[in-house]
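Please read it alongside the sequence and the coordinates.

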Amino acid sequence: MNIEEKINYLVDKWSKKLRLVPFWDIKIEIVHQKDLNKTGDFKIDCEDHKVIFIFNQCGSDFSHLEETIVHELLHLKLYPLDQTTESLIEANFEKDSSGYNFAYITFMKTLEQTVEELTKCFLFEFGEDKELSFGRCNKKKSFNELFDGLKNLE
């Protein structure tokens, strides 16, 4: 199975499992964009219930393809909640104020953590590839590196 067939197979499997189809019309695009710092993304037309899922092959070997697909599909599943919360933040805080920035950043981090946790739950229960990506961890400093140069407390 080539990469395009695999993506189509997994999107079809997971969009049914997450009950996104037949409500949503889904199109898949595979791109090679160096400036896109993500493996997966999507463009959405809520009024017409159409979505284009974008999979970026540039810099990715798609070694955790199923995880990426489930993650992006869950963002679509949670999109109404996402948009409602963003609208509430915008209606109650002046853009770029400290309150707005706090609410927006906190919401986005919480949304991403929720999507990640749900992705893990679904993969562990129904996934073909249960191995998770640790790519973001690899970009972080180690525990010892975080404390390099700090004054000894003893």
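**Notes on the predicted model**

1. A search of the whole structure, which is a predicted model, returns 0 disulfides.

2. Secondary structure. The protein chain contains 6 helices and 3 strands. Read from the N terminus, the order of these elements is α-β-β-β-α-α-α-α-α.

3. Dimensions and packing. Along the principal axes, the C-alpha atoms of the protein chain occupy a box of roughly 60 × 40 × 35 Å. Of the 154 residues, 31% count as buried. Among contacts with a sequence separation of 6 or more, 64% are between residues 24 or more positions apart.

4. Surface and charge. The protein chain has an accessible surface of about 10800 Å², and carbon and sulfur atoms contribute 53% of this area. The chain carries 20 positive and 29 negative charges, whose mean positions lie 2 Å apart.

5. Salt bridges in general. Side chains of opposite charge can pair when their charged atoms come close. The whole structure holds 7 salt bridges by the search applied; the points below take up some of them.

6. Lysine 13 and glutamate 66. These side chains form a salt bridge with an N to O distance of 3.5 Å. Because lysine 13 belongs to helix α1 (residues 3-17) and glutamate 66 to helix α2 (residues 65-77), the pair ties together parts that are 53 residues apart in sequence.

7. Lysine 13 and glutamate 128. Lysine 13 forms a salt bridge with glutamate 128 as well, with the closest N and O atoms 3.1 Å apart. Here helix α1, which holds lysine 13, is linked to the loop between α4 (98-126) and α5 (135-138), where glutamate 128 lies, 115 residues apart. Glutamate 128 is partly exposed, at 45% relative accessibility. Taken together, Lys13, Glu66 and Glu128 make up a network of salt bridges.

8. Lysine 27 and glutamate 29. A further salt bridge joins glutamate 29 to lysine 27, the closest N and O atoms being 3.9 Å apart. Glutamate 29 is partly exposed, with a relative accessible area of 28%, and lysine 27 is partly exposed at 47%.

Methods. Residues are numbered from 1 along each chain as its sequence is written. This is a predicted model: local features need pLDDT of at least 70, side-chain atom pairs count only at pLDDT 80 or more; totals for chains, interfaces and linings use all residues. Side-chain values use heavy atoms; hydrogens and water are left out. A disulfide is a pair of cysteine sulfur atoms within 2.5 Å. Helices (H or I, at least four residues) and strands (E, at least two) are DSSP runs, numbered from the N terminus. Buried means under 20% relative accessible area, exposed over 50%, partly exposed in between (1.4 Å probe, protein chains only). Contact means heavy atoms within 4.5 Å. Accessible areas come from the Shrake-Rupley method with a 1.4 Å probe; for residues, only the protein chains shown count as cover. Lys and Arg count as positive and Asp and Glu as negative; His and the chain ends are not counted. The place of a charge is taken as NZ of Lys, CZ of Arg, CG of Asp or CD of Glu. A salt bridge is a side-chain nitrogen of Lys or Arg within 4 Å of a carboxyl oxygen of Asp or Glu.
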